[in-house]
Amino acid sequence: MGKSGVTAVSLAALLCLWVVAAWATADPMVLPYPGEVLSVIVDHAQSGKLWTHMGATLQRVLMAFALAMIGGGALGVVLGQSDRLNLWLDPWVTVLLNVPALVIIVLCYLWIGLNEVAAIFAVALNKFAMVTVTIREGVRALDRGVTEMAQVYRMPLGARLRHVVWPQLGPFVAASTRNGLAVIWKIVLVVEFLGRSNGVGFQIHLYFQLFDTASVLAYALSFTALMLAIEYLIVQRWERASSAWRRA
């Protein structure tokens, strides 16, 4: 059985477990059957509400992800190249790594306000340090001998970045991308839960207040499916391609 077959069987087993658990609880307010959740998804998709809120959440995820990758990646490159600067800034990065996400979100809302800028900045800041650490370690792992050889042969900077630096740093960027998306979308839901008027997190908050478990699961599973599609169709393929030269 191939990997796709194993994945399908595993998901089917999880669905069966859900059905058994729903039958055992016998209370749709605790755990509805999969069919009930699917019915809610279809209803909200037909009305357009599902796409509106998923679009708002996806937009926040992409904007926060871009900020975290650009800012954290740039700082990671600098710290990886400068031991002296890393000595001074490493404690800052370590502190940011260990500050709870909820604290950063609340402080951003208090300092900036309950607006879109605060929401995106809070999410990006939560991922910033993780990107910095990953890219810093990638820069430190670069083969100095290959870099020096490229300098000896006077390889142009653009060609050096493309053929020497990027193939070695690519797997670290891909890993940071994969972990970043997995973390960021979860934090975005918390940000929306606490202080936004749209998005999947806002809808989960709304239906949580109404004790509507089916709707909570409908929005959560819908966005989970979207992020899994991005993971399998884009991120994992890029990660395999970026590290193919190592296997070769």
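Ser215 is buried, with a relative accessible area of 3%; buried stands for under 20%, exposed for over 50% and partly exposed for what falls in between, using a 1.4 Å probe and protein chains only. Ser215 sits in helix α10, where helices are DSSP runs of H or I with at least four residues, strands are runs of E with at least two, and both are numbered from the N terminus. Beyond its neighbours within four places in sequence, Ser215 is in contact with Val40, His44 and Tyr207, a contact being heavy atoms within 4.5 Å.

A word on the model itself. It is predicted, so local features need pLDDT of at least 70 and side-chain atom pairs count only at pLDDT 80 or more, while totals for chains, interfaces and linings use all residues. Residues are numbered from 1 along each chain as its sequence is written, and side-chain values use heavy atoms, with hydrogens and water left out.

## The overall fold

Which kinds of secondary structure does the protein contain? The tally is 11 helices and 0 strands, and the order from the N terminus reads α-α-α-α-α-α-α-α-α-α-α. The protein has 248 residues, and 37% of them count as buried. Looking at contacts between residues at least 6 apart in sequence, 72% join residues at least 24 apart.

## Around the loops

Let us visit the loop between α1 and α2, where both Ala26 and Pro28 are placed. Ala26 is not a glycine, yet its phi is positive, at about 55°. Ala26 is also exposed, with a relative accessible area of 64%. Pro28, by comparison, counts as partly exposed at 48% relative accessibility. Setting aside residues up to four places away in sequence, Pro28 touches Glu36 and Thr213.

A positive phi turns up again at Phe211, which is a residue other than glycine and has a value near 55°. Phe211 belongs to the loop between α9 (200-209) and α10, and with a relative accessible area of 61% Phe211 is exposed.

## Helix α6 and its partners

Two packed helices are described by the angle between their axes and the distance between the axes. For helix α3 (residues 49-81) and α6, the axes come within 6 Å and cross at roughly 35°; axes here are lines fitted to C-alpha atoms, for helices over the stretch in contact, with angles from 0 to 180 degrees between N-to-C directions. This crossing of α3 and α6 is right-handed, that is, the near helix is turned clockwise from the far one by less than a right angle, with anticlockwise giving left-handed. The residues of the contact of α3 with α6 divide into 15 nonpolar, 7 polar and 5 charged. In this scheme Ala, Val, Leu, Ile, Met, Phe, Trp, Tyr, Cys and Pro are nonpolar, Asp, Glu, Lys and Arg are charged, and the others, Gly among them, are polar.

Two residues of α6 give a local view. Thr134 lies in this helix, which spans residues 116-140, and is partly exposed with a relative accessible area of 23%. Apart from residues up to four places away in sequence, Thr134 touches Phe172 and Ser176. Met130 is also in helix α6 and is partly exposed, at a relative accessible area of 28%. Leaving out neighbours within four places in sequence, Met130 is in contact with Leu97 and Val183.

Some C-alpha pairs separated along the chain are set out here.

| Residue pair | Separation in sequence | C-alpha to C-alpha distance |
|---|---|---|
| Thr134 and Gly80 | 54 residues | 9.9 Å |
| Pro28 and Ala214 | 186 residues | 7.5 Å |
| Met130 and Val93 | 37 residues | 8.5 Å |

## The largest pocket

Where does the lining of the largest pocket come from? Helices α1 (3-25), α2 (34-47) and α10 (213-242) each supply at least two of its residues. The lining is made of 14 residues, and Leu11, Leu14, Leu15, Trp18 and Leu221 lie nearest the centre of the pocket. A pocket, on a 1 Å grid over the protein atoms alone, is an open set of points where a 1.4 Å probe fits, with protein on both sides within 12 Å along at least five of seven lines, and lining residues have an atom within 4 Å of a point. By class, the lining holds 12 nonpolar, 2 polar and no charged residues. About 540 Å³ of space lies in this pocket, a volume being the space filled by probe spheres set on grid points that are joined across faces, edges and corners.
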